[in-house]
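Here is a short briefing on one protein structure. Look it over before reading the notes.

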Amino acid sequence: IFRDTILIGSLLIMAIYHFVLFALRTKARSTFCFGIVCLASCFYTLAASSRTIMILFPYLSFRSHIQLYNTWILGLPFFAYYTYELFPKFYSKRVVQFAAWTAGPFFVFVLATEPRTFVDPAASMQLLTLLVGGYSIFAVVRAVLAKEEGSILFLTGSAIFLGTSVHDFLLSRGWIDFQSYPLGSVGVFCFICLQSILLARRFSKAFLRVEVSEMEIRKLSSDLRIERDQVVSMNENLEMLVDEKTRDIRSIMAHIQLGIFAIGRDQFRIHKDYSQHLKQLFEAEELVDLDARTVLFDKT
C-alpha cells in the first residue's frame, strides 16, 4: 500500500504539473498530452492496487472499479500524439489518428456498458497498446540514429514501458504466475520520470535560447543606437555644410562682377537666385520671373 500510494501521488503531481505548464504556454501541446498520460496512469495504478483503492474509496462499486482500471485506454492516443509532437519527422500521424479513432470509441464503450461486456474486448486494446508501443520504439530508434535531441531518454523509457506492458498482458491472460505483481504502473512511472527529465531539458534549452536571443537583440539595439547617432551626426554636419555652401554662393552672387542667373522650368523665367551685378547690366531693379529671352535679346 505504501509503495502504491507513492506511485499514485507521484503520477498525480506530475499530471498537475504538466497541466500547469500547458496552461502557461498553450502552444506546447506535448505537455498537455503528457499530463493526460500521467493522469490515466495514476487512475490505472490506483485501480490496479485493490487494497489502496478500498482504503481511499471504500464505497466504490465493482463496475466503477473496473472502469477506472481501464482508463489506461484513454492514455494510448495521447501517448501516441505526445511521441508525434516530440519526433514529427519519424512518427506517422496516421498512427496517432488510428489510435485515437480506436481507443476513443472503445473507452466510451467501457463507460456505457457492464464489465461482463467490455472485459474480454479490452484484451484487444492491450494488443493495440503493444503495437503502438512497438511502433513508437521503432520511430524513436530512427530518431536515435538521426541523433535527435532527447531520443535516447525516450527510447530507454519506452523500452521499460513496453516490457512491463508485455508482462501485464501475459499476466492478464494467465500465461505467467498469478503471484506476480502487475508492473505496468512501475513501467509507466519510470517512463514518466524519464520524460519529465526530457521535457525539463527542452524547457531549459528553450530558456537558454531566449537568453541568447535577448543578448543578441540587446547588442543589435546598441549597434543600431550607435549607427543612429552616426547618421544624426552626419545629418548635422551635412546641414552645416549645406548652410556654409549656401552662404558662400550667396556671397559670391552678391559681390561677383558677372551677370549670373538661373532659368526656371516654366517659359524661361528668371529664377530668384541671380547675381546683383545683373541689375547693373540690364538696368533693372527686379528680374525675378521676367522672361530671360526678352531681357537678353530686346536690346541686342
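This is a predicted model: local features need pLDDT of at least 70, side-chain atom pairs count only at pLDDT 80 or more; totals for chains, interfaces and linings use all residues.

Residues are numbered from 1 along each chain as its sequence is written, and side-chain values use heavy atoms, with hydrogens and water left out.

**Helix α1**

- Helix α1 covers residues 2–24. Helices are DSSP runs of H or I with at least four residues, strands are runs of E with at least two, and both are numbered from the N terminus.
- The 23 residues of α1 should span 33 Å at 1.5 Å a residue, and the end C-alpha atoms are 33 Å apart, which agrees. The expected span is 1.5 Å times one less than the number of residues.
- The buried residues of α1 are Asp-4, Leu-7, Ile-8, Leu-11, Met-14, Ala-15, His-18 and Leu-21. Buried means under 20% relative accessible area, exposed means over 50%, and partly exposed lies in between (1.4 Å probe, protein chains only).
- An α-helix has 3.6 residues a turn, so residues three or four places apart point the same way.

**Aromatic contacts**

- The whole structure holds 12 aromatic pairs. Rings of Phe, Tyr and Trp (its six-membered ring) pair if their centres lie within 6.5 Å; planes under 30 degrees apart count as stacked, over 60 as edge-to-face and the rest as tilted.
- Phe-34 and Tyr-82 make a tilted pair, because their ring centres are 5.0 Å apart and their planes meet at 35 degrees.
- Phe-34 sits in helix α2 (residues 29–48) and Tyr-82 in helix α5 (residues 72–86), so this pair ties together parts 48 residues apart in sequence.
- Phe-34 and Tyr-82 are both buried.
- The rings of Phe-106 and Phe-109 are also tilted, with centres 5.7 Å apart and planes at 45 degrees.
- Phe-106 and Phe-109 both belong to helix α6 (residues 93–112) and are 3 residues apart, about one turn of the helix.
- Phe-106 is buried at 12% relative accessibility, whereas Phe-109 is partly exposed at 29%.
- One aromatic cluster is formed by Phe-34, Phe-79, Tyr-82, Phe-87 and Phe-154.

**Salt bridges**

- The whole structure holds 6 salt bridges. Each is a side-chain nitrogen of Lys or Arg within 4 Å of a carboxyl oxygen of Asp or Glu.
- Glu-85 bridges to Arg-29, with the closest N and O atoms 3.7 Å apart.
- Glu-85 lies in α5 and Arg-29 in α2, so the pair ties together parts 56 residues apart in sequence.
- Glu-85 is partly exposed at 23% relative accessibility, and Arg-29 is partly exposed at 44%.
- Lys-219 and Asp-223 meet in a salt bridge of 3.3 Å, N to O.
- Lys-219 and Asp-223 are 4 residues apart in helix α9 (residues 184–255), about one helical turn.
- Lys-219 is exposed, at 55% relative accessible area, whereas Asp-223 is partly exposed, at 30%.
- Asp-229 forms a salt bridge with Arg-228, and their closest N and O atoms are 3.4 Å apart.
- Asp-229 is partly exposed, at 43% relative accessible area.

**Nonpolar surface patch**

- Ile-1, Ile-55, Leu-56, Phe-57 and Leu-60 form a nonpolar patch on the surface, with about 470 Å² of accessible area together.
- Patches take residues with over 30% relative accessible area and no salt bridge; like charges are joined within 9 Å, nonpolar side chains (Val, Leu, Ile, Met, Phe, Trp, Tyr) within 5 Å. Accessible areas come from the Shrake-Rupley method with a 1.4 Å probe, and for residues only the protein chains shown count as cover.
- Leu-56 lies in helix α3 (residues 50–56) and is partly exposed at 47% relative accessibility.

**Hairpin**

- Strands β1 (residues 261–263) and β2 (residues 270–274) pair in the antiparallel sense over 2 bridges. Strands pair if DSSP finds at least two bridges between them.
- Ile-263 has Ile-270 of β2 as its bridge partner.
- β1 and β2 form a hairpin with 6 residues between them, and Gln-267 in the turn has a positive phi of about 55 degrees.

**Positive phi in loops**

- Most residues other than glycine have a negative phi.
- Lys-147 has a positive phi near 60 degrees. Lys-147 lies in the loop between α7 (115–145) and α8 (151–172) and is exposed, at 75% relative accessible area.
- Asp-289 has a positive phi near 70 degrees, in the loop between α10 (277–282) and α11 (292–297).
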